[in-house]
Structures are given as C-alpha cells and as structure tokens.
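Visitor: Please take one part of this model and go through it closely. I would like the cross-links explained, with the numbers.

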Amino acid sequence: MRRTLAAAFVAILGACTTPTEDRSPNYQLGFGDGCTTASTETAGAPREPRRNRALYESDRDYRTGWLSGRPQCLAPGPASGFVRPN
C-alpha cells in the first residue's frame, strides 16, 4: 500500500515538471545562471551570485528559471554526518 502511494506521489510530481527546453529563452538563461551560481557556491570560495539583476527583478521567466536552476544544481552533501578526518 505504501509503495503504491509513493509511486503515485512521484508520478504526480513528475507530471508537474516541464523540461527546460520547453521553456522561454529567458527561463533557460535564468536556469543556467542559477546553476552556475550553485556550482560556484559548492567550489568553496564565496562569490556573488551570477544573476542579471535587471531581468531578475523584471522578468518572471528569468526569475523562475534562476530559482529553479540553483537548487537543482547544488551538489549533494555527504551521505552521513560523519566525516573522516584526513
């Protein structure tokens, strides 16, 4: 029963997503900038986010793409809280 509910939940969530290729050019640009920001954040050196400020503030598609791209491109953390010292 739980597996059936979990599979239905995943199927419903999967239906809600749209591939990036089907989105507007500004969404794709924002997604790429958000993803680049996530990549630089995980590199260890703090940097300003890569973002077109004017588009972020005025264009809904760009902002939505940026807000989607960043979390999707963040590197996953360690599988456990234990980190072996070198």
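Guide: Start with the handedness of the disulfide. The link of Cys35 and Cys73 is left-handed, with -95° about the S-S bond. Cys35 belongs to helix H2 (residues 25-42) and Cys73 to helix H4 (residues 60-73), so the pair ties together parts that are 38 residues apart in sequence. The S to S distance of this disulfide, Cys35 to Cys73, is 2.0 Å. The structure holds 1 disulfide. As for solvent, Cys73 is partly exposed, at a relative accessible area of 24%. Bear in mind that this is a predicted model.

Side chains of opposite charge can pair when their charged atoms come close. A search of the whole structure gives 1 salt bridge. Its partners are Asp33 and Arg50, with the closest N and O atoms 3.1 Å apart. Asp33 sits in helix H2, while Arg50 sits in the loop between H2 and helix H3 (53-58). The two are 17 residues apart, and the pair links distant parts of the chain. Asp33 has 7% relative accessibility; buried means under 20%, so Asp33 counts as buried. Arg50 is partly exposed, with a relative accessible area of 47%.

Thr37 is buried, at a relative accessible area of 1%. Set aside the neighbours of Thr37 within four places in sequence. Thr37 is then in contact with Pro49, Arg50, Trp66 and Arg70.

Step back to the whole protein. There are 4 helices and 0 strands. From the N terminus on, the elements run α-α-α-α. The protein has 86 residues, and 17% of them count as buried. Take the contacts with a separation of 6 or more: residues 24 or more positions apart account for 63% of them. The accessible surface comes to about 6800 Å², and carbon and sulfur atoms hold 56% of that area.

Terms used:
Residues are numbered from 1 along each chain as its sequence is written. This is a predicted model: local features need pLDDT of at least 70, side-chain atom pairs count only at pLDDT 80 or more; totals for chains, interfaces and linings use all residues. Side-chain values use heavy atoms; hydrogens and water are left out. A disulfide is a pair of cysteine sulfur atoms within 2.5 Å. Buried means under 20% relative accessible area, exposed over 50%, partly exposed in between (1.4 Å probe, protein chains only). A salt bridge is a side-chain nitrogen of Lys or Arg within 4 Å of a carboxyl oxygen of Asp or Glu. Contact means heavy atoms within 4.5 Å. Accessible areas come from the Shrake-Rupley method with a 1.4 Å probe; for residues, only the protein chains shown count as cover.
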